[in-house]
Amino acid sequence: MSTTRPYPPGDRGPEPSGASGASEGGAPGDGASTGAAAVPPEGPQTRRIRLDGESGVVPLARDFTRQALYAWGWLPASSADQRAAAEDVLLVVSELVTNACLHAEGPEELFLARDNKVIRIEVSDRGTGQPAPRTPHRAGRPGGHGMFIVQRLCLDWGVVRTPGRSGKRVWAELGAPA
């Protein structure tokens with residue numbers, strides 16, 4: 001698991017000046033668009049989509065995430081750095097959902113949360129395994145790069161299990177674009 005977070009898990013440090021303390025905005029899964037001239041929402045925002053039983057879950061998850069990034073003002077990107085940050089989010093979503101498909105009986109749900117500093121991605125599944133980057137990482141060989149990519153791109157990532165319930169939530173956090 002990554003240990004690059006400058007604050008303890010769950011603590012994202014002080015809010016940037018001008019940040020609002022608003023609670024969750026929009027209904028989970030709400031597809032509202034902010035429009036091209038709209039100001040990105042302040043404070044925490046969340047979205048979720050059920051993936052259990054759906055076909056084509058990786059493109060479905062990427063499209064859902066892309067819509068959230070537009071609604072939250074990450075897209076359209078106004079700079080190369082902002083575009084790269086959005087592409088990193090889409091790549092991490094793809095990797096986590098793909099891992100759930102390949103190693104954990106399929107994903108149940110994708111949950112996205114953002115505030116003014118980070119976006120958190122959570123993919124829940126019914127699997128019992130423990131995701132981990134392959135060691136040693138073999139860059140020239142096909143397959144086995146998913147969690148290595150997640151580890152390299154994210155501020156932090158981990159696994160949450162609920163006692164008395166099968167499965168887990170694999171989460172990852174990426175920094176907001178500047």
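1. **Ground rules.** The model is predicted, so local features need pLDDT of at least 70 and side-chain atom pairs count only at pLDDT 80 or more, while totals for chains, interfaces and linings use all residues. Residues are numbered from 1 along each chain as its sequence is written, and side-chain values use heavy atoms, with hydrogens and water left out.

2. **Overall fold.** The protein has 3 helices and 5 strands. Along the sequence they run β-α-α-β-β-α-β-β. Helices (H or I, at least four residues) and strands (E, at least two) are DSSP runs, numbered from the N terminus.

3. **Burial and surface.** Of the 178 residues, 39% are buried. Buried means under 20% relative accessible area, exposed means over 50%, and partly exposed lies in between (1.4 Å probe, protein chains only). The protein exposes about 9500 Å², and carbon and sulfur atoms supply 53% of that area. Accessible areas come from the Shrake-Rupley method with a 1.4 Å probe; for residues, only the protein chains shown count as cover.

4. **Contacts along the chain.** Take the contacts with a separation of 6 or more: residues 24 or more positions apart account for 61% of them. Contact means heavy atoms within 4.5 Å.

5. **The α2/α3 pair.** Two packed helices are described by the angle between their axes and the distance between the axes. Helix α2 (residues 80-103) packs with helix α3 (residues 146-153) at an angle of about 145 degrees, and the axes are 9 Å apart. Axes are lines fitted to C-alpha atoms, for helices over the stretch in contact; angles run from 0 to 180 degrees between N-to-C directions. The crossing is left-handed. That term applies if the near helix is turned anticlockwise from the far one by less than a right angle; clockwise is right-handed.

6. **Who meets whom there.** From α2 come Asp 88, Leu 91, Val 92, Glu 95, Leu 96 and Asn 99; from α3 come Gly 146, Met 147, Ile 149, Val 150 and Leu 153. By class, this contact has 7 nonpolar, 2 polar and 2 charged residues. Ala, Val, Leu, Ile, Met, Phe, Trp, Tyr, Cys and Pro count as nonpolar, Asp, Glu, Lys and Arg as charged, and the others, Gly among them, as polar.

7. **The buried face of α3.** Gly 146, Met 147 and Val 150 are buried in α3. Seen down the axis of α3, its buried residues fall within an arc of 90 degrees, so they line one face of the helix. The arc is that of the directions from the helix axis to the C-beta atoms. An α-helix has 3.6 residues a turn, so residues three or four places apart point the same way. The buried residues of α3 pack against α2, β4 (156-160) and β5 (168-175).

8. **Asn 99.** This residue lies in helix α2. Asn 99 is buried, at a relative accessible area of 18%. Setting aside neighbours within four places in sequence, Asn 99 is in contact with Ala 104, Gly 146 and Met 147. Its C-alpha atom is separated by 9.8 Å from that of Val 170, 71 residues apart along the chain.

9. **Two backbone points in loops.** A cis peptide bond joins Leu 75 and Pro 76, with omega about -5 degrees. Pro 76 sits in the loop between α1 (57-71) and α2. Glu 105 has a positive phi of about 65 degrees although it is not a glycine. Glu 105 is in the loop between α2 and β2 (107-114). Glu 105 is exposed, with a relative accessible area of 58%.

10. **Pro 107.** Strand β2 holds Pro 107. Pro 107 is buried, with a relative accessible area of 5%. Beyond residues up to four places away in sequence, Pro 107 touches several residues, including Leu 51, Val 57, Val 97, Cys 101 and Ser 124.

11. Apart from neighbours within four places in sequence, its contacts include Leu 69, Trp 72, Trp 74, Val 89 and Leu 174. Ser 124 is also in β3 (residues 118-125). Ser 124 counts as buried, at 10% relative accessibility. Not counting residues up to four places away in sequence, Ser 124 touches Pro 107, Glu 108, Glu 109, Lys 168 and Arg 169.
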